[in-house]
Amino acid sequence: MKKISISAIIVTMLFTILSCSNDDLPKAAESAYLNYKTKTELELPFDEEWWVFWGGRSVRENYHVALKEQRFALDIVQRIDGSTHIGKGSQNEDYHCFGKRLNAPGNGKIVDVINNIEDNIPGEFNQDSPTGNRVIIDHENGEFSILAHFKKGSIIVSVGDTVIKGQELGKAGNSGNSSEPHLHYHLQTTADPFDGDGLPAQFLDYYADNILVEIGEPVRNQKIKNQ
Ligand SMILES: [Zn+2]
(Lines give C-alpha, C1' and ligand atoms only; values in the text may rest on other atoms or scores of the structure.)
Protein backbone atom coordinates (compact mmCIF):
# COMPACT_ATOMS: atom_id res chain seq x y z
CA MET A 1 0.00 0.00 0.00
CA LYS A 2 1.25 3.40 -0.89
CA LYS A 3 1.30 5.68 2.06
CA ILE A 4 2.96 9.05 1.90
CA SER A 5 2.91 11.05 5.06
CA ILE A 6 0.99 14.25 5.16
CA SER A 7 3.16 15.75 7.73
CA ALA A 8 4.39 18.75 9.46
CA ILE A 9 7.66 17.51 10.58
CA ILE A 10 8.08 21.09 11.26
CA VAL A 11 11.22 21.53 13.22
CA THR A 12 13.25 18.51 12.23
CA MET A 13 12.54 19.05 8.56
CA LEU A 14 13.47 22.70 8.83
CA PHE A 15 16.91 21.96 10.17
CA THR A 16 17.42 19.13 7.74
CA ILE A 17 16.57 21.30 4.77
CA LEU A 18 18.40 24.42 5.85
CA SER A 19 21.53 22.44 6.53
CA CYS A 20 21.48 20.60 3.20
CA SER A 21 23.48 21.68 0.23
CA ASN A 22 21.44 21.90 -2.96
CA ASP A 23 22.82 18.55 -4.09
CA ASP A 24 21.52 16.78 -1.00
CA LEU A 25 18.00 18.12 -1.14
CA PRO A 26 15.19 15.83 -2.27
CA LYS A 27 14.01 16.41 -5.83
CA ALA A 28 10.79 18.26 -6.54
CA ALA A 29 8.05 15.89 -7.72
CA GLU A 30 7.33 16.10 -11.41
CA SER A 31 4.13 17.95 -12.17
CA ALA A 32 2.07 18.58 -15.27
CA TYR A 33 0.38 21.42 -13.42
CA LEU A 34 3.13 23.99 -12.98
CA ASN A 35 1.22 26.53 -15.07
CA TYR A 36 -2.18 25.55 -13.74
CA LYS A 37 -4.64 28.27 -12.83
CA THR A 38 -6.90 27.42 -9.90
CA LYS A 39 -10.57 27.25 -10.94
CA THR A 40 -12.15 27.48 -7.49
CA GLU A 41 -12.43 30.94 -5.96
CA LEU A 42 -10.26 30.29 -2.90
CA GLU A 43 -9.89 32.39 0.22
CA LEU A 44 -7.54 31.68 3.09
CA PRO A 45 -9.29 29.15 5.36
CA PHE A 46 -8.93 31.00 8.66
CA ASP A 47 -9.59 34.26 10.47
CA GLU A 48 -6.84 36.46 11.94
CA GLU A 49 -3.22 36.50 10.75
CA TRP A 50 -1.33 33.24 10.24
CA TRP A 51 2.23 32.51 9.20
CA VAL A 52 3.48 30.22 6.44
CA PHE A 53 5.93 27.69 7.86
CA TRP A 54 6.18 25.66 4.65
CA GLY A 55 4.97 27.06 1.34
CA GLY A 56 6.29 27.75 -2.12
CA ARG A 57 7.44 25.78 -5.09
CA SER A 58 11.03 24.89 -4.17
CA VAL A 59 12.10 22.10 -1.84
CA ARG A 60 14.05 24.57 0.24
CA GLU A 61 10.93 26.64 0.90
CA ASN A 62 8.59 23.73 1.21
CA TYR A 63 9.47 20.11 1.95
CA HIS A 64 6.07 18.97 0.60
CA VAL A 65 7.33 19.74 -2.91
CA ALA A 66 9.00 16.32 -3.10
CA LEU A 67 5.60 14.59 -2.90
CA LYS A 68 3.32 14.37 -5.93
CA GLU A 69 0.04 14.98 -4.13
CA GLN A 70 1.48 17.68 -1.89
CA ARG A 71 3.54 19.40 -4.59
CA PHE A 72 1.94 22.77 -3.75
CA ALA A 73 0.92 22.17 -0.11
CA LEU A 74 1.14 24.61 2.78
CA ASP A 75 1.76 24.20 6.51
CA ILE A 76 0.45 27.22 8.35
CA VAL A 77 0.70 28.27 12.00
CA GLN A 78 0.19 31.41 14.02
CA ARG A 79 3.28 33.18 15.24
CA ILE A 80 3.44 35.99 17.75
CA ASP A 81 6.66 37.70 18.77
CA GLY A 82 8.62 35.18 16.72
CA SER A 83 7.17 32.07 18.33
CA THR A 84 4.33 29.68 17.55
CA HIS A 85 3.67 29.13 21.25
CA ILE A 86 3.99 30.53 24.73
CA GLY A 87 6.20 29.03 27.40
CA LYS A 88 7.83 25.71 26.62
CA GLY A 89 5.19 24.64 24.16
CA SER A 90 4.84 21.34 25.93
CA GLN A 91 1.07 21.25 25.58
CA ASN A 92 -1.19 21.98 22.64
CA GLU A 93 -2.92 24.80 24.49
CA ASP A 94 0.40 26.70 24.50
CA TYR A 95 0.20 27.12 20.71
CA HIS A 96 -1.39 30.25 19.31
CA CYS A 97 -3.31 28.45 16.56
CA PHE A 98 -4.61 25.52 18.60
CA GLY A 99 -8.41 25.56 18.64
CA LYS A 100 -8.67 28.42 16.16
CA ARG A 101 -11.50 28.31 13.66
CA LEU A 102 -10.81 26.81 10.22
CA ASN A 103 -13.09 27.60 7.30
CA ALA A 104 -13.95 26.21 3.89
CA PRO A 105 -11.54 27.85 1.43
CA GLY A 106 -14.09 27.57 -1.37
CA ASN A 107 -17.58 26.39 -2.20
CA GLY A 108 -18.14 22.67 -2.55
CA LYS A 109 -19.37 19.43 -1.08
CA ILE A 110 -17.84 17.55 1.85
CA VAL A 111 -16.68 14.12 0.66
CA ASP A 112 -14.56 12.91 3.57
CA VAL A 113 -14.32 13.62 7.30
CA ILE A 114 -12.19 12.06 10.04
CA ASN A 115 -12.88 13.52 13.47
CA ASN A 116 -11.88 10.96 16.14
CA ILE A 117 -8.07 10.96 16.17
CA GLU A 118 -6.39 12.04 19.40
CA ASP A 119 -4.31 15.19 19.32
CA ASN A 120 -0.62 14.50 19.81
CA ILE A 121 1.57 15.69 22.61
CA PRO A 122 3.76 18.34 20.90
CA GLY A 123 6.89 16.75 19.48
CA GLU A 124 5.28 13.34 19.01
CA PHE A 125 3.85 11.99 15.76
CA ASN A 126 1.00 9.67 14.91
CA GLN A 127 2.24 7.94 11.79
CA ASP A 128 -0.63 5.43 11.82
CA SER A 129 -2.97 8.21 10.77
CA PRO A 130 -0.92 10.69 8.72
CA THR A 131 -3.63 13.27 8.07
CA GLY A 132 -5.15 13.01 11.53
CA ASN A 133 -8.59 14.59 11.64
CA ARG A 134 -9.36 15.96 8.22
CA VAL A 135 -11.89 17.45 5.86
CA ILE A 136 -11.91 16.95 2.10
CA ILE A 137 -14.01 19.24 -0.08
CA ASP A 138 -15.00 18.42 -3.66
CA HIS A 139 -15.19 21.74 -5.46
CA GLU A 140 -17.04 19.94 -8.27
CA ASN A 141 -14.67 21.15 -10.96
CA GLY A 142 -11.90 18.55 -10.69
CA GLU A 143 -10.34 20.28 -7.66
CA PHE A 144 -10.38 18.90 -4.12
CA SER A 145 -9.26 20.76 -0.99
CA ILE A 146 -7.58 18.73 1.74
CA LEU A 147 -7.32 20.24 5.22
CA ALA A 148 -5.56 18.15 7.86
CA HIS A 149 -4.63 17.87 11.54
CA PHE A 150 -7.88 19.26 13.04
CA LYS A 151 -8.46 19.10 16.79
CA LYS A 152 -10.20 15.88 17.83
CA GLY A 153 -13.98 16.17 17.76
CA SER A 154 -13.97 19.75 16.49
CA ILE A 155 -15.21 19.16 12.94
CA ILE A 156 -18.81 20.35 12.55
CA VAL A 157 -19.49 19.37 8.92
CA SER A 158 -20.44 15.92 7.62
CA VAL A 159 -20.03 13.99 4.39
CA GLY A 160 -22.66 15.18 1.92
CA ASP A 161 -22.91 18.70 3.32
CA THR A 162 -22.67 21.60 0.92
CA VAL A 163 -20.36 24.31 2.20
CA ILE A 164 -19.72 27.84 1.11
CA LYS A 165 -16.46 29.74 1.21
CA GLY A 166 -15.77 31.04 4.71
CA GLN A 167 -18.07 28.57 6.47
CA GLU A 168 -16.59 27.03 9.61
CA LEU A 169 -15.36 23.44 9.25
CA GLY A 170 -13.78 22.88 12.66
CA LYS A 171 -10.82 23.90 14.79
CA ALA A 172 -7.07 23.72 14.26
CA GLY A 173 -5.38 20.87 16.09
CA ASN A 174 -2.40 18.60 16.33
CA SER A 175 -3.65 15.19 15.17
CA GLY A 176 -1.87 12.82 12.78
CA ASN A 177 1.68 13.15 11.55
CA SER A 178 2.07 16.55 13.12
CA SER A 179 4.74 17.78 15.50
CA GLU A 180 2.84 20.86 16.67
CA PRO A 181 -0.57 22.42 16.10
CA HIS A 182 -0.91 23.71 12.54
CA LEU A 183 -3.04 23.55 9.42
CA HIS A 184 -1.93 21.48 6.44
CA TYR A 185 -3.69 22.55 3.25
CA HIS A 186 -3.43 21.47 -0.32
CA LEU A 187 -5.44 21.26 -3.49
CA GLN A 188 -5.34 18.14 -5.67
CA THR A 189 -7.06 16.25 -8.47
CA THR A 190 -8.77 13.50 -6.44
CA ALA A 191 -10.51 12.93 -3.10
CA ASP A 192 -7.81 10.46 -2.00
CA PRO A 193 -5.03 12.27 -0.14
CA PHE A 194 -2.57 9.52 -1.06
CA ASP A 195 -3.38 9.25 -4.73
CA GLY A 196 -3.72 12.26 -6.98
CA ASP A 197 -1.79 15.15 -8.41
CA GLY A 198 -1.20 18.28 -6.41
CA LEU A 199 -2.56 21.48 -7.93
CA PRO A 200 -1.38 25.03 -7.39
CA ALA A 201 -3.76 26.78 -4.99
CA GLN A 202 -4.09 30.45 -5.83
CA PHE A 203 -5.96 32.44 -3.22
CA LEU A 204 -7.81 35.66 -3.90
CA ASP A 205 -7.67 38.99 -2.08
CA TYR A 206 -5.42 38.41 0.92
CA TYR A 207 -2.64 40.28 2.66
CA ALA A 208 0.88 38.87 2.51
CA ASP A 209 3.20 40.81 4.81
CA ASN A 210 0.59 43.58 4.87
CA ILE A 211 0.52 43.97 1.09
CA LEU A 212 -2.75 43.20 -0.67
CA VAL A 213 -2.46 40.30 -3.11
CA GLU A 214 -5.30 39.97 -5.64
CA ILE A 215 -4.30 36.44 -6.59
CA GLY A 216 -1.32 34.50 -5.33
CA GLU A 217 0.30 31.50 -3.72
CA PRO A 218 1.57 32.05 -0.16
CA VAL A 219 5.24 31.24 0.38
CA ARG A 220 7.39 30.40 3.36
CA ASN A 221 7.82 33.09 5.99
CA GLN A 222 4.89 35.23 4.88
CA LYS A 223 2.36 36.61 7.32
CA ILE A 224 -1.01 36.11 5.64
CA LYS A 225 -4.58 37.05 6.38
CA ASN A 226 -7.81 37.63 4.51
CA GLN A 227 -8.68 41.09 3.30
ZN1 LIG B 1 1.88 19.58 5.69
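How many bridges join strand E4 to E5, and in which sense do the two run? Select residues 108-114, which form E4: five bridges join this strand to E5, and the two run antiparallel. Strands (E, at least two residues) and helices (H or I, at least four) are DSSP runs numbered from the N terminus, and two strands pair if DSSP finds at least two bridges between them. The model is predicted, so local features need pLDDT of at least 70 and side-chain atom pairs count only at pLDDT 80 or more, while totals for chains, interfaces and linings use all residues. Residues are numbered from 1 along each chain as its sequence is written, and side-chain values use heavy atoms, with hydrogens and water left out.

Next, select residues 144-150, strand E6, which pairs with E5 in the antiparallel sense over six bridges. Here Phe-150 stands opposite Asn-133. Five residues separate the strands of this hairpin, in which Glu-140 takes a positive phi near 60 degrees.

**The nonpolar cores**

Move to Leu-169 and Tyr-185, the residues with the most contacts inside the largest nonpolar core, which has 31 residues. Such a core is a set of buried Ala, Val, Leu, Ile, Met, Phe, Trp, Tyr and Cys residues joined through side-chain atoms within 4.5 Å. Among the elements that give two or more residues to this core are E5, E6 and strand E9 (183-188). A second, separate core of five residues includes Trp-51, Phe-53, Trp-54 and Val-77.

**Salt bridges**

The count comes to eight salt bridges (a side-chain nitrogen of Lys or Arg within 4 Å of a carboxyl oxygen of Asp or Glu). Select Arg-57 and Glu-217, whose side chains meet at 2.9 Å, N to O. Arg-57 lies in the loop between E1 and E2 and Glu-217 in the loop between E12 and E13, so the pair ties together parts that are 160 residues apart in sequence. Arg-57 is partly exposed, at 29%, and Glu-217 is also partly exposed, at 26%.

Key:
Buried < 20%, exposed > 50% of the residue type's maximum accessible area, 1.4 Å probe, protein only.
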